[in-house]
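Biologist: Could you put the model up, so that we can go through it together?
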Amino acid sequence: MLVIDNLKVRVGGKEVLKGLNLTVNAGEVHAIMGPNGSGKSTLAQVLAGRDGYEVTGGSVTYQSRDLLPLAPEERAREGVFLAFQYPVEIPGVNNVYLLKAGLNAIRKHRGEPEVDAFEFLALVRDKMKLMQMDESFLNRAVNEGFSGGEKKRNEILQMAILEPKLALLDETDSGLDIDALRIVSNGVNSLRRADRAIVLVTHYQRLLDYIEPDHVHVLSGGRILKSGDKSLALELEKRGYDWVKEDPAAA
Amino acid sequence: MSSVSPFNQPPALDHYRTLFAERTTNVDAVGADALTALREASLDRFFASGFPTQRDEAWKYTSLRRLETRRFTLADAPPVATEDVRWIPDCGYRIVLVNGRMLPTLSTPAPQPPGLTILSLAQWMQHSPGEVAEFLSQSAFAAPGPFENLNGAFSDDGIVIDIADGTTLDRPLYIVHHWRASKPSVSQMAHPRIIVRAGRQSQCSIVTHYTGDDAAESLTNAWVSFDLAAGAHVEHLRLQEEGSRTFHIYSSQVRLARDARFTSHDFALGASLGRSSTLVQLAESGASVNLSGLFAPTATQHLDTHIRIDHAAAHTQSQQDYRGIAAGRGRGVFNGKVIVQPHAQKIDAKQSNRNLLLSATAEIDSRPELEIYADDVKCSHGATTGQLDPVSLFYLRSRGLGEEQARALLIRAFAHSMLSTVKVGPVRTWLEERVQRRFDLSASGIS
């Protein structure tokens, strides 16, 4: 589904990703872990198409297509979804309006008719229940005045409704208390499917107690230094990141 | 103030002198001399100042050069049918003016509710010019500026609205001013005068709607006064959507007595050059004023909002909350000034102006001013001017929304907070639709 080959990215004149390789297949959950400043968020932003990230080398192939020339909205319509580390507050734009506009943009791209108003509301209510969100969310402005946990839940709600093929979760666990973490993880787990890939970007192993990854990668200094299964995350939790950098076996 | 300058303005002023001399008045009526004298005095003051120039602080960012070169004639009264005039339906008691003249045939025919008196200035002038002269000379409480003087010299119609003590109007008063050109080649001007007197403890909502088309060039030079007696509450909604060939000059004066409250929402969308000037005098303690508005110049429009709030008494409050959105080569100006007089303690004054620039060629000049001569006051002001937030834009696009759709959504969201406080339902709906249409165009780069 996603093949990243020797990706090099500069941000503000500084090289942040220095030849990153990663392959993600449909149905898999990957966790990308690493110390602060290793390039985790840069990777997520570049995949979603944010401005200001200069790709200086390598390639990203998504569903056998070159992803990099696509505008952010084209990526979204093709099934790429980024759950933001810092979801943006947008006063004056209604939460449900955004959900509906996003869903309809994706449906239109697929040649499907606009969603029926009743069906849509039923769908939103159903997913809100999953995310344990209050009815009042329906009429609030996007993320405006939301607590940290509410914002993250809202991101997963959007994901549940837009049903992406490739979901990138950027530090979704940061700032969550244990209850919110459980709700968010439940939401993500309910979205695991054979035709969907999920990439979790996280600093801590904690999230992986709830969302069990198939593959764990250590990103440091702009490269994936080590890959393994979920036991790697536990080892990182125990030993920190430094040993990976010093491990001669790391490639 | 600019002084008389015979070298840069004489042709323009001569034109107005000629027009004034050619005008015929009903000289037979009792007191006609007094009205004529009042008009002559206005004209003299206008000649003494001339049109304001950019050397005048209050006009620093707005040039009147184009306006000065026009030879406006006094508007005629072409026949008007109902379908010629656009208005917002179900807005309340409707009063229609066309080319500055009140047209009872298009206005709400229903009898006026108790406590409300609406007078046509033209009719009153016809019958008792002496009374009108006396009334008008007492109705201005601040020194009139050049355009108010021009209005005073040429105004021959308008509306006097009187709300009796203790009256609460059940529906808004909806005043529509419309332009109708008889010949496209003739530039016309109108000087409607509106005087609102709200009695003690009275409450009312007034909508003034300036509209027109692009058939001919015109100058609307409106002068509006609000006089609020003790405890009166007046809400004013102003909709300026003149045609693209219209110069729109709106001068208003608001005076508030003890515990009176004035709320206004000003929407400047139309005209080639638009100026909205509001002078507020918080004359007695407990008076409060809450002004808000949106100005949205696009194409080559120039829209200027000028406010001056005079805290003349202790325990008075003022609030200003304005937003500007400039697209194309549009230019917006916000100049809000708060003056706190030496004896006026315990004052609360807030001022906010937030602006959005949608193109590299758009411009907004924001100038908040505070002049405080008392020490026990709470004053705050803030002004920001920026572009659409790129992170918000990216967020919306990452959810599948196209760039234009995302831009339109953010622009409308920015305008929305100004619309959401409008309580008159049909006006709010009308504004939402208008603003949406305008900014969908701006966002796609058409305007």
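What follows is a chat about the chain contact, the domains, a sheet and a helix pair.

Modeller: This is a predicted model, in which local features need pLDDT of at least 70, side-chain atom pairs count only at pLDDT 80 or more, and totals for chains, interfaces and linings use all residues. Residues are numbered from 1 along each chain as its sequence is written, while chains are lettered from A and ligands numbered from 1 in the order in which they are written.

Biologist: How many residues does the contact take from chain A and from chain B?

Modeller: Chain A gives 22 residues and chain B gives 18 residues, where two residues are in contact if their C-beta atoms, placed from the backbone, lie within 7 Å.

Biologist: And which element brings the largest share on the chain A side?

Modeller: That is H3(A), with five residues; the elements giving two or more residues are helix H2 (72-77), strand S7 (90-94), helix H3 (95-109) and helix H5 (148-162) of chain A. Helices (H or I, at least four residues) and strands (E, at least two) are DSSP runs, numbered from the N terminus.

Biologist: How does that side divide into nonpolar, polar and charged?

Modeller: The side of chain A that touches chain B has 15 nonpolar, three polar and four charged residues, with Ala, Val, Leu, Ile, Met, Phe, Trp, Tyr, Cys and Pro counted as nonpolar, Asp, Glu, Lys and Arg as charged, and the others, Gly among them, as polar.

Biologist: Switching to chain B, what does the domain assignment give?

Modeller: Chain B has domain 1 (10-284) and domain 2 (389-447), with bounds from an automatic or database domain assignment. Their centres, taken over C-alpha atoms, are separated by 32 Å, and eleven residues of domain 1 of chain B are in contact with nine residues of domain 2 of chain B. On the domain 1 side, strand S9 (203-211) and strand S13 (261-268) of chain B each supply at least two residues.

Biologist: Back to chain A, what is the strand order in the open sheet of four strands?

Modeller: The order is S2-S1-S4-S5 (chain A), with antiparallel pairing, two strands being paired if DSSP finds at least two bridges between them. Strand S2 (14-24) and strand S5 (65-66) of chain A each have a single partner strand, so one side of each is left without a neighbour in the sheet.

Biologist: Which residue is the bridge partner of A:Thr61?

Modeller: The partner is A:Asp66, in S5(A); two bridges join strand S4 (residues 53-62) of chain A to S5(A).
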